[in-house]
There are 2 protein chains.
Amino acid sequence: MPAKNQKLITLEIKSLQAKSLGPQALTAKELNELAPRVKKMVQTIERERQLGRHRYRDLPYDKLMIRQVRELAKFYRPKVNNLVVLGIGGSALGNIALQQALNHPYYNLLDQQDRSGPRLFVMDNVDPTLFAGLLDLIGDDLPRTLFNVISKSGETAETASQYLIVRDLLIRKLGSKKAAGQILATTDAHSGTLRTIAQQEGYNTLPVPDGVGGRFSVLSAVGLFSAALCGIDIEDLMHGAAAMDQQVKQTALLHNPAALFAAVNYLYYQRGRVMSVMMPYSNALYSLADWFRQLWAESLGKRYDAAGTQELFVGPTPIKALGSTDQHSQVQLYREGPQDKLITLLEVDKFDRDIKIAKQLPKVKALAYLGGATLGQLLQAEKQGTELALLASARPCLTIRFPRLTPYTIGQFIYLMEAATTIAGSLFNVNPYDQPGVELGKKITYHLMGKKGYEKMPRD
Amino acid sequence: MPAKNQKLITLEIKSLQAKSLGPQALTAKELNELAPRVKKMVQTIERERQLGRHRYRDLPYDKLMIRQVRELAKFYRPKVNNLVVLGIGGSALGNIALQQALNHPYYNLLDQQDRSGPRLFVMDNVDPTLFAGLLDLIGDDLPRTLFNVISKSGETAETASQYLIVRDLLIRKLGSKKAAGQILATTDAHSGTLRTIAQQEGYNTLPVPDGVGGRFSVLSAVGLFSAALCGIDIEDLMHGAAAMDQQVKQTALLHNPAALFAAVNYLYYQRGRVMSVMMPYSNALYSLADWFRQLWAESLGKRYDAAGTQELFVGPTPIKALGSTDQHSQVQLYREGPQDKLITLLEVDKFDRDIKIAKQLPKVKALAYLGGATLGQLLQAEKQGTELALLASARPCLTIRFPRLTPYTIGQFIYLMEAATTIAGSLFNVNPYDQPGVELGKKITYHLMGKKGYEKMPRD
C-alpha cells in the first residue's frame with residue numbers, strides 16, 4: 001500500500017481567471033452552464049463501466065494481470081541485460097513514458113550494477129539506420145537480450161517486420177530452441193496472427209486486454225512489463241491510478257479533475273484555441289506529454305460525430321513542449337502569436353535530487369543572485385515567470401502540480417488524462433476509442449509492398 | 001571539396017496540386033501572383049547582405065572560423081572522453097540536431113573505440129534530476145570532461161547556473177588551474193559577462209558571431225564545435241550550405257526552394273492553416289525538425305509588424321512529428337481533424353545501412369508480403385501510403401527529399417530552412433531576428449530569484 005502521506009496531484013485553474021486575461025478568462029458562467037452536462041456524462045460513464053465499456057478504467061484493479069507481469073519480470077530479471085520492445089504507437093509510448101518518468105535520466109548509460117534492471121530499447125520505428133544501430137549495440141550480448149513483441153493482432157507492418165528480422169537473427173545465431181526463449185509475445189489473449197505464431201513457436205506471452213485500445217493500454221501488460229523489469233514499482237503505479245479513480249468518479253465538475261481538464265479544453269477549443277500545449281517543467285515528464293499527444297489526438301481528432309452520421313472534422317491538436325527549454329524556442333510565439341493555444345504547465349513541487357548553485361565569482365555581480373539557490377528553485381521560478389508573462393499577454397494557462405515524481409503520482413497522472421479523454425470525447429461528441437483515419441494509409445502501404453488482396457490501389 | 005556526384009536535396013510541391021485536394025490545392029494563380037513580390041524580396045535580401053544584414057548567410061564562407069573550430073577540436077580530441085554543452089535554445093538545438101543527423105543513433109552507448117569522438121551531452125535545461133544524473137555518469141571521468149559554456153552574454157540564467165555549479169565542482173575536485181583547462185567559453189568575441197569571466201579565469205574561447213541570432217547560429221562555432229569534436233565533417237557541411245546558397249539566391253520563385261517553402265507556408269497560413277508540421281521519415285532528422293521548430297516559431301510569431309507600429313499577432317505554429325511512428329499517433333487527427341495544417345514530409349532516398357526482412361514463417365501467410373523487402377523500402381512505402389492517404393482526404397502536403405544523409409545534404413537543409421525563414425519574415429511582414437516576447441518572463445524570473453535591480457515585480 002502507498003504511504004499515507006503520499007499526496008495527490010492537483011489541477012489548478014485559478015490562472016484561467018486572472019484579471020489580465022480580460023475576455024480570454026474562463027468565466028464561472030461557462031463552467032456552471034457545462035456542469036450539469038458533465039455530471040450526466042460522468043454518471044453515464046460509470047453506468048457504462050458496469051456494462052463492460054471503458055475497460056481501461058478497470059486495469060488498476062486487475063490483480064491477476066499485475067501478478068503475472070511481476071512474476072514474468074522476476075523470471076527474466078537474472079537472465080537479461082537488454083530488453084528490446086518491438087512496438088509502435090500505443091505499444092511503445094507508454095513504455096517510453098514510464099521509463100523516462102521514473103528511472104534515472106541516463107539509465108541505459110549507467111553501469112549494470114547501478115541500474116535497476118536491463119537496458120531498455122523501445123523500437124518504435126522501422127528506420128533502418130536506427131535498427132542497424134541497435135544490432136551493433138547488442139552485438140555479442142544477443143544471448144542475454146529479450147525481445148518483447150507487442151501487437152494486438154501481430155499484423156502491424158512495422159512491428160511484424162522487426163519481429164521477422166529478430167527471429168531470423170536469433171535462430172541463425174543461437175538455434176531455434178534458444179531463440180524461442182528470447183522472444184516474448186504481448187498480444188491478444190485468444191486469437192490473431194501473433195497469438196498463432198507464439199503458440200507455434202512456443203513463446204512466453206502476455207495478454208493485450210480485450211476492449212482496451214492501444215492508446216489506453218499503458219496500465220496493462222503492454223506498458224507494465226518493461227517498467228517492472230526495469231525496477232519500477234508497478235503496484236504503486238496502480239495504487240496511484242486507483243486513487244485517481246476515486247477523484248474522476250466525482251460528478252461535481254469542480255471536484256473532478258478529469259472532467260475539469262476536459263471541460264476547460266473543450267470550452268477554449270470552442271473559442272478558437274485549436275491547440276492544447278502540454279509543457280512540463282521536468283525532463284522526466286516530457287515523454288508523458290508525448291504519450292498524451294497520442295491519447296488526445298487519436299481520440300478526439302474525428303471526421304464524424306459519435307453516431308457516425310454527421311461530419312464534424314473536429315479535434316484539438318496536442319503539442320508537447322518542455323520548460324524551461326522551450327522558453328527559448330516557443331514562448332515568443334505563445335505570447336505574441338495568434339490567440340490559438342491553451343497551455344497546460346506541469347510543475348513538480350519537490351525533486352528527489354537537487355543541486356545548489358555555488359556562490360562563487362564574487363567579482364561577477366551579474367550572476368550573484370543565482371548563488372545559494374538550487375536548480376530546482378530556478379526551474380520553479382522559470383515556470384512562474386513564464387506563467388505570469390503568459391497571463392500578462394492574455395494567454396490562458398493552467399497547471400497540473402505533482403507533489404513529487406513517484407510511481408504513485410505518475411499512475412495518477414496517467415489515469416487522470418485517460419479519464420479526461422473519455423469525458424472530452426463526450427463533450428466533443430465523438431467516439432474516443434476508434435481511429436478510422438489511419439486505415440487508408442495502411443492499405444496503400446500494403447498495396448505498395450505487394451500484400452495479397454491489395455493488388456489494386458485502395459481508394460478508401 | 002564534396003564529391004561531384006553529391007546531389008542536392010529537393011523541394012517537391014507537386015502533391016499540393018493533386019486533384020483530390022479540390023479547393024485545398026495550391027493554384028498556379030496564387031504562386032504567380034506572389035512571384036513578383038518574392039522576387040523583390042530575394043533581391044532586397046541579397047542587397048542587404050552587402051550592407052551587413054542577414055549575417056548568418058555568410059557563415060559557410062568564414063574559413064577562419066571553420067579553421068579555428070577544427071583546430072580546437074583537434075586540440076581537445078586526445079584529451080576528452082565527454083563533451084558537455086551548457087547551453088539552451090539556439091545554443092543547444094543545433095548541437096543536438098547535427099549529432100543526431102550525422103552520428104550513430106546510439107553514439108553515446110558505443111564503446112569508446114567505436115565512436116568518432118567523446119560522448120556528447122547537451123544540457124539544455126536546469127532540471128535538477130537531469131543534471132544530477134549527468135554528474136553521476138561523469139563520475140571519476142571528470143578530469144577527461146570538457147564543458148563548453150555557450151552564451152552570447154553569459155547572463156542566460158539557466159546556462160549561468162550550470163556553469164557556476166560546474167566551475168565549483170571542477171575547482172573542488174581538480175584545483176583552479178586544471179579546472180580552467182576544462183572549460184571552453186563560446187561567447188561574444190569582445191564583451192559581456194562570459195567574455196569577462198573567460199579572461200579572468202583563463203579559459204579557451206570560441207566566438208559567437210556578431211549579428212547572428214542564436215537560432216541562426218548552428219553553422220557558427222556555436223553549433224560546429226561539438227560536431228567537429230565528435231567526428232562530423234564540418235567542411236562538407238559548409239560546402240552543402242554554400243551549394244544551397246546558390247539555390248536560394250535565385251529570384252524565380254519556382255527555382256528558389258527557400259522562397260517556395262516560405263511562399264507555400266505563407267499562402268496556406270492565409271487560408272487558415274495555422275500549423276506547419278514537419279514530419280521526417282528518418283529518426284536521424286527528427287532533431288532537425290525540433291531545430292526548425294525554434295527557427296520558425298521565434299522568427300515568425302510576432303505581435304507587431306516589421307516597422308513595429310501595427311499589431312498583427314501573427315505566426316504559424318511549427319510542429320515536429322516522426323514518420324512512421326506518428327502515423328500511429330497523429331495521422332488520425334491530421335486526416336480527419338480540422339483543415340488547419342500544412343504538412344512537410346522529409347524523405348530519404350537511400351539509407352547508408354539497410355536491413356532485409358527475413359523470408360520465414362511460411363505458415364503465416366499474413367506476413368508473407370514483408371519477406372525479402374528491406375526496412376528502408378517499408379519506411380518509404382509508409383511515407384507514400386501516408387502521403388496518398390492525406391491527399392485522399394484533401395490534406396495538402398509537400399516533400400523535401402534527401403538523396404542521402406550526409407554532412408553535405410544536412411548543410412543544405414539547414415541553410416535552406418534559414419533562408420526560407422528570412423523570406424517568410426518578409427512575407428509575414430515581421431522582423432524575423434528579434435524575440436521581444438521572451439523578455440518579460442526572464443525579468444519575472446530575475447525578480448523571483450532576487451536579482452538586483454528587479455526588486456519590484458516587472459509588468460512589461
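**Helix 9, chain A**

I began with what helix 9 of chain A packs against in this predicted model. Its buried residues pack against helix 2 (63-76), helix 8 (221-229), helix 10 (257-270) and helix 14 (407-428) of chain A. I listed those buried residues next: A:Ile234, A:Asp236, A:Leu237, A:Met238, A:Gly240, A:Ala241, A:Ala243, A:Met244, A:Gln247 and A:Val248. Then I checked the length. Helix 9 covers residues 234-248, and at 1.5 Å a residue its 15 residues should span 21 Å. Its end C-alpha atoms are 21 Å apart, which agrees.

**Helix 11, chain A**

I ran the length check on helix 11 (residues 286-300) of chain A. This helix has 15 residues and reaches 21 Å from its first C-alpha to its last. That is close to the 21 Å expected at 1.5 Å a residue. I also looked at burial: 14 of the 15 residues of helix 11 are buried, so I noted the helix as mostly covered.

**Confidence**

I looked up the scores before going on. Chain A averages a pLDDT of 96, and 99% of its residues score at least 70. For the complex, the predictor gives an ipTM of 0.97 and a pTM of 0.98.

**Strand 7, chain B**

Which strands does strand 7 of chain B pair with? I found two partners in the list. Strand 10 (residues 317-320) of chain B runs parallel to strand 7 and is joined to it by four bridges. Within that pairing, B:Ile319 is the bridge partner of B:Val277. Strand 11 (residues 341-348) of chain B also pairs with strand 7 in the parallel sense, over six bridges. There, B:Lys341 stands opposite B:Met275.

I then turned to the faces. In a regular strand the side chains alternate between the two faces of the sheet. On one side of strand 7 of chain B I found B:Met275, B:Val277 and B:Met279. On the other I found B:Ser276, B:Met278 and B:Pro280. Both faces are covered, and all of these residues are buried. The count for the strand (residues 275-280) is six of six buried.

**A:Glu336**

Is A:Glu336 buried or exposed? I placed this residue in helix 12 (residues 331-336) of chain A. A:Glu336 is buried because 24 other C-beta atoms lie within 10 Å, and 20 or more is the cut-off. I looked for its neighbours across the interface. A:Glu336 touches B:Gly301, B:Lys302, B:Arg303, B:Phe313 and B:Gly437.

**Interface**

I counted the contact between the chains: 107 residues of chain A meet 107 residues of chain B. Helix 13 (residues 375-392) of chain A supplies the largest share of chain A's side, 12 residues. By class, that side has 50 nonpolar, 36 polar and 21 charged residues.

**Symmetry**

How is chain A related to chain B? I found that a rotation of 180° with 0.0 Å of shift along its axis superposes chain A on chain B, at an RMSD of 0.0 Å. That is the relation of a two-fold axis. In chain A, the C-alpha nearest the axis belongs to A:Leu109, 3.2 Å from it. I compared the two sides of the interface as well. The copies meet through the same surface, because 100% of the interface residues of chain A are also interface residues in chain B.

I searched for cis peptide bonds. The bond from A:Gly323 to A:Ser324 is cis, with omega near 0°. A:Ser324 lies in the loop between strand 10 (317-320) and helix 12 of chain A. In chain B, a cis peptide bond joins B:Gly323 and B:Ser324, with omega about -10°. B:Ser324 sits in the loop between strand 10 and helix 12 (331-336) of chain B.

A:His54 has phi near 55°. This residue is in the loop between helix 1 (28-50) and helix 2 of chain A. A:His54 is buried, with 20 other C-beta atoms within 10 Å. A:Ala394 has phi near 60°, and lies in the loop between helix 13 and strand 12 (397-402) of chain A. A:Ala394 is partly exposed, with 15 other C-beta atoms within 10 Å.

How values were computed: Residues are numbered from 1 along each chain as its sequence is written. Chains are lettered from A and ligands numbered from 1 in the order in which they are written. This is a predicted model: local features need pLDDT of at least 70, side-chain atom pairs count only at pLDDT 80 or more; totals for chains, interfaces and linings use all residues. pLDDT is the predictor's confidence in each residue, from 0 to 100. A residue is buried if 20 or more other C-beta atoms lie within 10 Å of its own, exposed if 12 or fewer, and partly exposed in between; C-beta atoms are placed from the backbone. Helices (H or I, at least four residues) and strands (E, at least two) are DSSP runs, numbered from the N terminus. Two strands pair if DSSP finds at least two bridges between them. The expected span of a helix is 1.5 Å times one less than its number of residues. Two residues are in contact if their C-beta atoms, placed from the backbone, lie within 7 Å. Ala, Val, Leu, Ile, Met, Phe, Trp, Tyr, Cys and Pro count as nonpolar, Asp, Glu, Lys and Arg as charged, and the others, Gly among them, as polar. Copies are superposed by least squares on the C-alpha atoms of residues with pLDDT of at least 70 in both. Lists of a residue's contacts leave out its neighbours within four places in sequence.
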